[in-house]
Amino acid sequence: MEQTQLDIYEKEYMPYIIKWGKITCWISIPLIFLPALALYLFYGARPSAAGVVTGFISLFSAMLAWYIVDPITLYPILHIPGMYMTYIAGNSKEIRAPAATAALSSADVEAGTPEGTIISCIAIATSIFVSLAVMTIVSVSGTVILSMLPEGIKTALNYLLPALFGAMCMQRIMLDYKVSAVVVVAACILRWMNLQGMFKILPLGGGYAQILLCVIVGYITAKVMHGKKLAKKA
């Protein structure tokens, strides 16, 4: 990159990206709550405080590690423009990073350089437009197709989400079946205790206790089973 182009990149392009990246990210934060607000206003859906706490604990325990790891691992590929767009559009590892990597490889440009930053920005922006177009088409056509399906198939589709979560659960179990065996047993026991109302003495009804305790049991079990191995290797 020539000196004039580098000056434009550093003094005009990047400040512009950072300025509007911050603005759009701050705007996106309240917009995230629009679906929940619409459900409350138009359908009267109002989660209980216990439900909110339970959901928060579930998401927090699942996403905390990725909140730290993702920016570190993806930044060299996505860089500043890509990070802003990715954390608004989502699908960082599934779509945005592969799109940026493929574009960098095709252009034979090194990631992290000014040229690489611009190439990855173009690739990620393109992938967002393609994703939006595909999702719009699928959403519209999917509604039409569902209306044409027999009632039996519509009923069977109710089992799609449990089947998906079951497959994801089994995938996690196979990654570490020893720890998973302990956690699954603990989850069953805690679920039974919750159904018996043993956690109702806790604040907000205690519905969150079974998830929180599962996370703690999983952490302690993994620490006990793998901590000694890691210490020996060190």
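The structure is a predicted model, in which local features need pLDDT of at least 70 and side-chain atom pairs count only at pLDDT 80 or more, while totals for chains, interfaces and linings use all residues. Residues are numbered from 1 along each chain as its sequence is written, and side-chain values use heavy atoms, leaving out hydrogens and water.

Most residues other than glycine have a negative phi. Against that background, His-79 has a positive phi, near 60°. His-79 sits in helix H3, residues 49-89 (helices are DSSP runs of H or I with at least four residues, numbered from the N terminus). With a relative accessible area of 12%, His-79 is buried (under 20% relative accessible area, with exposed meaning over 50%, for a 1.4 Å probe and protein chains only).

Asp-108, also not a glycine, has a positive phi of about 55°. Asp-108 lies in the loop between helix H4 (92-107) and helix H5 (114-148), and its relative accessibility of 72% makes it exposed.

Leaving aside residues up to four places away in sequence, Leu-74 touches His-79, Met-83, Tyr-87, Ser-92, Lys-93 and Ala-97 (contact means heavy atoms within 4.5 Å).

Note on methods:
Helices (H or I, at least four residues) and strands (E, at least two) are DSSP runs, numbered from the N terminus.
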